Amino acid sequence: MSDLLKLGVLISGSGSNLQSIINHIEKGALSARISIVVSNAPEAYGLVRAEKAGISCAVLDHREFSGREAFDRELIRVLKNAGVDLVVLAGFMRILGGEFLRTFDQRIINIHPALLPAFPGTHVQQKALDYGVKFSGCTVHFVDEGVDTGPIIIQAVVPVLPGDTADTLASRILKEEHKIYPQAIRYFAEGRIVKNGRHVEIRGVRGDKDAVLHNPPLEG
Ligand code: GRF
């Protein structure tokens, strides 16, 4: 048990990605343990999900701290206390500062609901629709000092369909998030991630040259 990768999952909202990680662990598809779930939002539904799964939770309400540094320092303390090996940002809506990034160097990952480097930041499903892209998707990446700029581990692509709204596109993307986040954590847990600058290679993975998509589909 003790050599299982210990996750600290940081949330601010619904926690459906957290739920997917919990489910993968429970069904034996991911060898890891969630040591702690931390939310900066006391009302986050993800806290209920964590409690139902018997996982320790902490609420660090950012509004109760004098500033980002004080918040980050407490977050570091809580995560270290829980023995966290990998920090998993799952809908966590706070920017983490330099001290936090240095403390968990190469051990912080995030999921983003767009195909980075397109559409970093927030409200990205609407931005993808407004731009008129034919595909969007989601990205798991290491966290660096930029906003959604860190080295990419895995991506999933979904089509943008006629009549899509930000909500329909978001839920199509979210379904894939729930698959790629546990997969990325599994790569990490199995020690298969080789990082060389921006480039992330996964040991034992061979690309599929036929994994080509067209949208709209080709005719004839
Ligand atoms: C997801 O779309 C994630 O990519 C983004 O925030 C959303 C969180 O959803 N960073 P949930 O809280 O995991 O349901």
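Good morning. The model is predicted, so local features are taken at pLDDT of at least 70 and side-chain atom pairs at pLDDT 80 or more, while totals for chains, interfaces and linings use all residues. Residues are numbered from 1 along each chain as its sequence is written, and side-chain values use heavy atoms, with hydrogens and water left out.

I begin with the aromatic rings. A pair of aromatic rings is described by the distance of the centres and the angle of the planes. Rings of Phe, Tyr and Trp (its six-membered ring) pair if their centres lie within 6.5 Å; planes under 30 degrees apart count as stacked, over 60 as edge-to-face and the rest as tilted. How many aromatic pairs does the structure hold? There are 3. In one of them, the ring centres of F65 and F71 are 5.5 Å apart and the planes stand at 85 degrees, so this pair is edge-to-face. The rings of F100 and F104 have centres 5.2 Å apart and planes at 40 degrees, which means that they form a tilted pair.

Next comes burial. Buried means under 20% relative accessible area, exposed over 50%, and partly exposed in between, with a 1.4 Å probe and protein chains only. F71 is buried at 3%, whereas F65 is partly exposed at 23%. Both F100 and F104 are buried.

I turn now to two helices. Helices (H or I, at least four residues) and strands (E, at least two) are DSSP runs, numbered from the N terminus. Two packed helices are described by the angle between their axes and the distance between the axes. Axes are lines fitted to C-alpha atoms, for helices over the stretch in contact, and angles run from 0 to 180 degrees between N-to-C directions. The axes of α5 (residues 124–131) and α6 (residues 166–189) come within 9 Å and cross at roughly 115 degrees. Therefore α5 is roughly perpendicular to α6, a term for angles of 65 to 115 degrees; under 35 counts as roughly parallel, over 145 as roughly antiparallel and the rest as oblique.

Which residues meet between these helices? Q125, Q126, A128 and L129 in α5 meet A166, L169, A170 and I173 in α6, where contact means heavy atoms within 4.5 Å. I173, in helix α6, is buried, with a relative accessible area of 0%. Leaving aside residues up to four places away in sequence, I173 touches P113, Q125, S136, G137, C138 and V158.

Strand β5 (residues 108–112) contains N110, which is buried at 10% relative accessible area. Among the contacts of N110, again without residues up to four places away in sequence, are L89, H141 and Y181.

Finally, I consider the loop between β5 and α5. P117 lies in this loop, and a cis peptide bond with omega of about 10 degrees joins L116 and P117. F119 belongs to the loop as well; its phi is near 60 degrees, a positive value in a residue other than glycine. H123, also in the loop, has a phi near 55 degrees, likewise positive in a residue other than glycine.

Thank you for your attention.
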